[in-house]
Amino acid sequence: MDSALSDPHNGSVEAGGPTNGTTRPPSTPEGIALAYGSLLLMALLPIFFGALRSVRCARGKNASDMPETITSRDAARFPIIASCTLLGLYLFFKIFSQEYINLLLSMYFFVLGILALSHTISPFMNKFFPANFPNRQYQLLFTQGSGENKEEIINYEFDTKDLVCLGLSSIVGVWYLLRKHWIANNLFGLAFSLNGVELLHLNNVSTGCILLGGLFIYDVFWVFGTNVMVTVAKSFEAPIKLVFPQDLLEKGLEADNFAMLGLGDIVIPGIFIALLLRFDISLKKNTHTYFYTSFAAYIFGLGLTIFIMHIFKHAQPALLYLVPACIGFPVLVALAKGEVTEMFSYESSAEILPHTPRLTHFPTVSGSPASLADSMQQKLAGPRRRRPQNPSAIYEESHPKDPAAVTESREGTEASTPRGLEKKEK
């Protein structure tokens, strides 16, 4: 989760490989402005479109596209896991050969990047296919065991259009694997970011505050307290960051003086902004106040990061500025509108079936989920009646409007008892 790294005077570290020790010429003000502006734009695109796609993802029925929900327990453990991973990578680069580690990581991210990019461009590519395109359905299913113990490991459904997108993404993957070009790196990085914002869902605002608060401390410590994050960012040859050359105007596409922004500084605030968009929709006011407020807060926070980084000529932990902005601005709006309680009581998982009663214990039933929901609604809607204990009560319930019949029924009941027979004999 490296932050934006840049030194406009001495030159940034090249994303495609280690430096050779030569001194680079200072970047021009135009080149610096172009690089920073491009990084800002590339950061905003996956957040905006990923948030919109997260709404459709929460309402979707395809099991392969179901979101991964982050709970408060996951959020509390995430900074610890991220710190262990970062420190482990740092030690690996210190002990083992950097070339072989990056080769292994390149193959790993080659596969992940193709799948992420294919999933990203699939909705856009569907618009370019003709109506008579022969689209066949496929299913990739891996199971473990047999009989009643059979368990699904992978169940992925796709069609011919998805295969075409996979082929196009593979071309980008081969380009990245052979050249490590910064454009191919950015295509994979944008795909990772958009998929992260779309498929990672916070269950409520409190969880988002825990996650962002923990990573706020994580980012500040590993950037200002040690050189671990900067070293890993410089040595790690994988599309885990967005890069843009500051000398593009001088060298064109072969430029090598890069400013960079870690994907964590996009995805982590992005999933919180996507949560606020779903909260806006749950209010049913046809406004996206909290989404636009948090989106503007992200622009402000990232712009402040770039400004301070440019002034002090030192790597900056972007979450140091993004976290207070992305949390503080929406909370201030909620205070002004008197909706703080609604904001912190909102549960994102409740959107899956918003009009269906939620169960805490699931009975064993047969039938479709729709029939189960209908039967539940009928039971909840109808008042429960006491079961009659004797035949006279049944008669009273069936003829409540006939007083004479009720009287005869009571007399008949009295005569049927032993006490009634005794009176009749007398």
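Among contacts in this protein between residues at least 6 apart in sequence, 74% join residues at least 24 apart, a contact being heavy atoms within 4.5 Å. The model is predicted: local features need pLDDT of at least 70, side-chain atom pairs count only at pLDDT 80 or more, and totals for chains, interfaces and linings use all residues. Residues are numbered from 1 along each chain as its sequence is written, and side-chain values use heavy atoms, with hydrogens and water left out.

Overall figures next. The protein has 16 helices and six strands; these are DSSP runs numbered from the N terminus, with helices being H or I of at least four residues and strands E of at least two. Of its 426 residues, 42% count as buried. Buried means under 20% relative accessible area, exposed means over 50%, and partly exposed is in between, with a 1.4 Å probe and protein chains only.

Now helix α2, residues 72–95.

P79 itself is buried, as are A75, A82, S83, L86, Y90 and F93 of α2. The buried residues of this helix pack against β1 (68–70), α3 (98–125), α6 (205–225) and α7 (228–235).

Together with L87, L91, F92 and F96, I95 makes a nonpolar surface patch of about 500 Å². Patches take residues with over 30% relative accessible area and no salt bridge; like charges are joined within 9 Å, and nonpolar side chains (Val, Leu, Ile, Met, Phe, Trp, Tyr) within 5 Å.

On to charges. Side chains of opposite charge can pair when their charged atoms come close. A salt bridge here is a side-chain nitrogen of Lys or Arg within 4 Å of a carboxyl oxygen of Asp or Glu, and the count comes to six. One of them is R77 with D74, whose closest N and O atoms are 3.2 Å apart. R77 and D74 are three residues apart in α2, so about one helical turn separates them. R77 is partly exposed at 40%, and D74 is partly exposed at 31%.

Which parts of the chain does the E339–K285 pair link? The salt bridge between E339 and K285 is 2.4 Å, N to O. E339 is in the loop between α11 (319–337) and α12 (340–345), K285 is in the loop between α9 (264–283) and α10 (289–312), and the two are 54 residues apart. E339 is buried at 6%, whereas K285 is partly exposed at 43%.

There is also a salt-bridge network of D247, K251 and D256. Within it, D256 and K251 have closest N and O atoms 3.4 Å apart.

Last, S169 in helix α4, residues 160–179. S169 is buried, at 0% relative accessibility. Leaving out residues up to four places away in sequence, S169 touches I114, L117, S118 and I121.

Key. Accessible areas come from the Shrake-Rupley method with a 1.4 Å probe; for residues, only the protein chains shown count as cover.
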